[in-house]
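This briefing sets out selected features of a protein model for use beside the sequence and the structure.

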Amino acid sequence: MEKISICPTDRELSEKREDSLAEHDGPHLSYSKRESDELLEDFEEIIHLDEEYKVTKSKGIENRKSPIGSFQNQDNYCQEDDGGDDHNDDAGVADARDAVQSNVFDLLPEEVILEILSYIPLKQLYTSIPFVSKQWYANAKNPLLWQKLTFEETKHLTLGCFMSIIESRCPLLKELSLKCRSDLCSLDFLTMAKSSPLLQKLSLAFCSQGNIRTALQSFTEFCPQLHSISLEGCDINHDCIHTLKNLCLKYLNVSHCTKLVDESLIDLSKQHPGLVSINFDGVQWITDNAVQVMVANCWSSLKYLWLDGANLSDDGIRLISRCPKLRIKKGVEFTAEALRDLFVNFQPQVTDSLTGLCHLTLAECLALDDDGLEAVADSCRNLKTLDLSWCWDITDKGLQYIILNCSEMRYLNICGLREVTGVPLRQVPPTMPHLTELDARQCNQMRDELLYELVVKVPKLIVIDYYGDYVVPGNPKW
């Protein structure tokens, strides 16, 4: 027996809706020819993104799932023809019309609608939302929703689709990632720059093809508010640094741009004395001379610094310590003397800070000894997190300095301290009342009984033992 669908086709629904427009007011799914053409163009551009929409140039839009929930999976709503009339068809049309006209969502204030849509992933915002209704189509193109295009959101877009978004929806774009794109040419960069005059953050990281210098010239000319640039892994040389001179740069990442030299860092610091973050990691040719010029120009603003260190000496480290806002993250090959000099300059009265340094990672600083740790304890009394993992020369003496002086400590990592027995930890409850986690993995001189005693005294304290297991009160291992 032949099967029929109780749900109307798109054509039937359109014809019946047009007949009823004179009788009903309110939102409906009618489009002008211009809007229909725009919708069709959008569909043709994003066919590769969404399997739900099967679009061909010859047939237009077809086999598209209805935006109304009751019409989804029409093949599942079929019944055998029992010889009845078209009552079910008429009821389906009426239900569809009522669903469209009673769309409560469209009655919300525009600000609320845009706030809700801001949580929708970019793919759905481009491929699904515009085709729900005329109002949703307009909302989905609102520039307020297109102020940030990250790598995760754009990596699957074809060049044509990506350029269409930039040109038609992004006059308010502030953050753009072109990371790993190898399909861009100079004209594409110029179009993007002209379409995004308010751009503030730009990533060209690992763009293996295209003229990066030309791209920088375009963005510098048309995006005067640009202050953060990532060129990580790009094939750039010293001349590219000059193209940035007209910007007010605050953040620059040229990590592993191996053609840069000492003069690159020197010119950069002279052109942009307000730099907050400089990443020259993987650039092996930076010497104490470039560090001296950088400190002289950026000492008052610099907070984050990555240097390869292959050609730096202790003198360079001492120069870096003059930057009052700098936050040290990790330094594997520092000498004990340099570390002591460094932390003396982190005292609150020197840095003009109420707290001084709060978070410090010294993991794998093999030269750090008890004297260096004493300097840390004296200068950084407001430390909240401290990582001393694999600093082999630290003993109970150095640990004692930290426990007695850093009462604000929340997290302490002493993983791999082979000379530490842990006896000073018995003073933790009164001297470190805020400590919540202690990592004592691979501390082969530390007894399990001592750690168990500690968690019994401080039940809320998380302690990790030699084997990486949590020490649990009431469950000793011996």
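K259 is partly exposed because its relative accessible area is 49%, a value between the limits for buried (under 20%) and exposed (over 50%), computed with a 1.4 Å probe and protein chains only. The model is predicted: local features need pLDDT of at least 70, side-chain atom pairs count only at pLDDT 80 or more, and totals for chains, interfaces and linings use all residues. Residues are numbered from 1 along each chain as its sequence is written, and side-chain values use heavy atoms, without hydrogens and water.

**Salt bridges**

- The whole structure contains nine salt bridges, each a side-chain nitrogen of Lys or Arg within 4 Å of a carboxyl oxygen of Asp or Glu.
- K259 takes part in one of them with D235, and the closest N and O atoms of this pair are 2.9 Å apart.
- This pair joins distant parts of the chain, 24 residues apart: D235 is in the loop between β8 (228–230) and α11 (238–242), and K259 is in the loop between β9 (251–253) and α12 (262–271). These elements are DSSP runs numbered from the N terminus, with helices (H or I) of at least four residues and strands (E) of at least two.
- D235 is classed as exposed, because its relative accessibility is 58%.
- R318 and D315 form another salt bridge, with 3.2 Å between the closest N and O atoms. Both residues belong to helix α14 (residues 314–320), and because they are three residues apart there, about one helical turn separates them.
- A network of salt bridges links R426, E453 and K457.

**Surroundings of F162**

- F162 lies in helix α8 (residues 159–169) and is buried, because its relative accessibility is 0%.
- Leaving aside residues up to four places away in sequence, F162 touches L149, T154, L157, L176, L178, R181 and M192; a contact means heavy atoms within 4.5 Å.
- One of these neighbours, R181, lies over the face of the F162 ring, at 4.9 Å from the ring centre. This feature requires NZ of Lys or CZ of Arg within 6 Å of the centre and within 35 degrees of the ring normal.
- M192 and F162 are 30 residues apart in sequence, and their C-alpha atoms are 10.0 Å apart in space.
- M192 is one of the buried residues of helix α9 (residues 186–195), together with D188, F189, T191, A193 and S195.
- The cover over the buried residues of α9 includes helix α8, strand β6 (175–177) and helix α10 (212–222).

**Positive phi values**

- Most residues other than glycine have a negative phi.
- C180, a residue other than glycine, has a positive phi near 70°. C180 is in the loop between β6 and α9 and is partly exposed, with a relative accessibility of 40%.
- Q442, also not a glycine, has a positive phi near 60°. Q442 is in the loop between β15 (437–439) and α20 (448–457), and its relative accessibility of 36% makes Q442 partly exposed.

**Aromatic pair**

- The structure holds one aromatic pair. The pair is formed by Y466 and Y467 in an edge-to-face arrangement, with 5.0 Å between the ring centres and 80° between the planes.
- Rings of Phe, Tyr and Trp (its six-membered ring) pair if their centres lie within 6.5 Å; planes under 30 degrees apart are stacked, over 60 edge-to-face, and the rest tilted.
- Y466 is partly exposed at 29% relative accessibility, while Y467 is exposed, with a relative accessible area of 61%.

**The chain as a whole**

- The protein chain has 20 helices and 16 strands.
- Of its 478 residues, 44% are buried.
- Among the contacts in the chain with a separation of 6 or more, 70% are between residues 24 or more positions apart.
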